[in-house]
Amino acid sequence: MSLMAGKKGLVFGIANDYSIAWAITEQLHKEGAELGFTHLPDRDPASPKMERRVRKLVEPIGAKMLVSCDVQKDDDLDKTFAMAKETFGTIDFIVHSIAYAPMEDLKGPVYAVSREGFKTSMDISVFSLMAICKRAQELMPNGGSIITLSYLGGEKVIPGYNVMGLCKAALESSVEYLAAELGQKKIRVNALSAGPIRTLSSSAVSGIDLMLNLYGSMSPLRRNVDVEEVGKSGLYLLSDLSSGVTGETHHCDSGYHVMGAPPLDVKLG
Ligand code: 0WD
C-alpha cells in the first residue's frame, strides 16, 4: 500500500524543477498523493511564464488544480482555499516552501535592513505560514500534516544569510506555537530544515558555495544532502510515518547542525 494513497494536499512554492517543493512533490506523487499547486502571479498576464513553468511540471503528474497565489494577498489565499475545497472537499497535507527578502535587504547586515524590507521578508517568509494554517483548518476536519522549509541560519549565525536568518527563527517559533494550537484538531505542524541546495532562491544568498564546501568537509556524513533526500524527509513528515511528531524542526543536512567545531581530520586554511 502506498504511503500517501487516498491523501490529498496543496503544495505552495514551486518555482521550477530545482525547487525543493518540486522534490517533495515527486516523492508525494510516487506514493499516490492527489496534488494541487499554486504558482506566483505573472507580472505580465500576456506572457504567463511562471504559470507555464509550473504547469509544465505538474500537469504530467495529474495535478488536480493550479492557481496563481501571492501569499501577501488575502484574496489570493482565500481564492486558493476556496478552489481546494471545490476540488478536493477536504485535504490531508500542505507543503509551505516559500521565502523571500528584497535583494538590497538580504545582501546587507541585519542592522541596515529597511523597515519595509523587514516587513516584506517576514510577511512572505513567516506570516504566510500562519495565514495558510488559519485557512487550512476548515479543510482538515480529520486532521492533517503541514510542513514548512527552514534553514540552520534561523538557529545559528550563518554569515550572508542575514535577514532571512531572522525570518527562519520566527518561522521555527511559529511552528511550535501552531503545533500547540492545532494539535487538538489532529493537525501536525513541522519544519524541515534542509542543508544548502542549489535553487533559484539560494542563488540570491551570498556564501552558498562556501556553505556547500563546509557541509562537504564538516558534517558527520562528510557530504552535502541532495534535493531528493530533502524530498524524502518531506514525505516522512507529511505521511503517517511521522504520526507522533509535531512542533519539530527536523534537520536533513548530513548532521551538520550538531557540529560545534570542525572534525579533527579537517585542515583549515
Ligand atoms: O539551500 C536551499 N535552497 C534551502 C532552502 C535550504 C534550506 C531551506 N530552504 C527554504 C527556502 O528558504 C524556502 O523557504 O526552502 C524553501 C524553498 O526554497 P527553494 O526551493 O530553495 O527556492 P525556490 O525554488 O526559489 O522556491 C521559493 C519560492 C519562490 O520562488 P522565486 O524564486 O520565484 O521567488 O517561493 C515562492 C516562489 O514560488 N514565493 C512566493 N509564493 C507566493 N507568494 C512568494 C509570494 N509572495 N514569494 C516567493
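Glu59 forms a salt bridge with Arg55, and the closest N and O atoms are 2.8 Å apart. A salt bridge here is a side-chain nitrogen of Lys or Arg within 4 Å of a carboxyl oxygen of Asp or Glu. Before I go on, the source: this is a predicted model, where local features need pLDDT of at least 70 and side-chain atom pairs count only at pLDDT 80 or more, while totals for chains, interfaces and linings use all residues. Residues are numbered from 1 along each chain as its sequence is written, and side-chain values use heavy atoms, with hydrogens and water left out.

Back to that pair. Glu59 is partly exposed at 48% relative accessibility, and Arg55 is partly exposed at 30%. For these words, buried means under 20% relative accessible area, exposed means over 50%, and partly exposed is in between, with a 1.4 Å probe and protein chains only. Arg55 and Glu59 also belong to a network of salt bridges that includes Glu51. By this rule the count comes to 12 salt bridges.

Another of the salt bridges joins the side chains of Asp209 and Arg198, at 2.9 Å from N to O. Asp209 lies in helix H7 and Arg198 in the loop between strand E6 (187-194) and H7, so this pair ties together parts that are 11 residues apart in sequence. Helices (H or I, at least four residues) and strands (E, at least two) are DSSP runs, numbered from the N terminus. Asp209 counts as partly exposed, at 44% relative accessibility, and Arg198 counts as exposed, at 51%. There is also a salt bridge between Glu229 and Arg223, with the closest N and O atoms 2.7 Å apart. Arg223 is partly exposed at 34% relative accessibility.

Staying with H7, which residues of this helix are buried? In H7, residues 208-218, they are Ile208, Met211, Leu212, Tyr215 and Met218. These residues cover an arc of only 155 degrees around the axis, which puts them on the same side of H7. The arc is that of the directions from the helix axis to the C-beta atoms. On the other side of H7, Leu210 and Asn213 are exposed. As background, an α-helix has 3.6 residues a turn, so residues three or four places apart point the same way.

Now the strands. E4 covers residues 93-96 and has His96 in it. Strand E1 (residues 8-12) runs parallel to E4, joined to it by 4 bridges, and Gly9 stands opposite Phe93 in E4. E4 also pairs with strand E5 (residues 144-150), in the parallel sense and over 4 bridges. In that pairing, Ile94 stands opposite Ile146 in E5. Two strands count as paired if DSSP finds at least two bridges between them.

Which way do the residues of E4 point? Phe93 and Val95 point one way, Ile94 and His96 the other way, and all are buried. In a regular strand the side chains alternate between the two faces of the sheet.

His96 has a relative accessible area of 0%, so it counts as buried. What is His96 in contact with, leaving aside its neighbours within four places in sequence? The list is Phe12, Ile124, Ser125, Ser128, Leu129, Ile132, Ile147, Thr148, Leu149 and Leu171. Contact means heavy atoms within 4.5 Å.

Next, the surface. Val110, Phe118 and Leu166 make a nonpolar surface patch of about 230 Å². Patches are made of residues with over 30% relative accessible area and no salt bridge; like charges are joined within 9 Å, and nonpolar side chains (Val, Leu, Ile, Met, Phe, Trp, Tyr) within 5 Å. Accessible areas come from the Shrake-Rupley method with a 1.4 Å probe, and for residues only the protein chains shown count as cover. Phe118 lies in helix H5 (residues 115-139) and is partly exposed, with a relative accessible area of 35%.

Last, two backbone angles. Most residues other than glycine have a negative phi, and most peptide bonds are trans. Lys186 is not a glycine, yet has a positive phi of about 60 degrees. Lys186 lies in the loop between helix H6 (162-182) and E6, and counts as exposed at 62% relative accessibility. Ser254 also has a positive phi, near 60 degrees. Ser254 is found in the segment after strand E7 (249-252) and is buried, with a relative accessible area of 5%.
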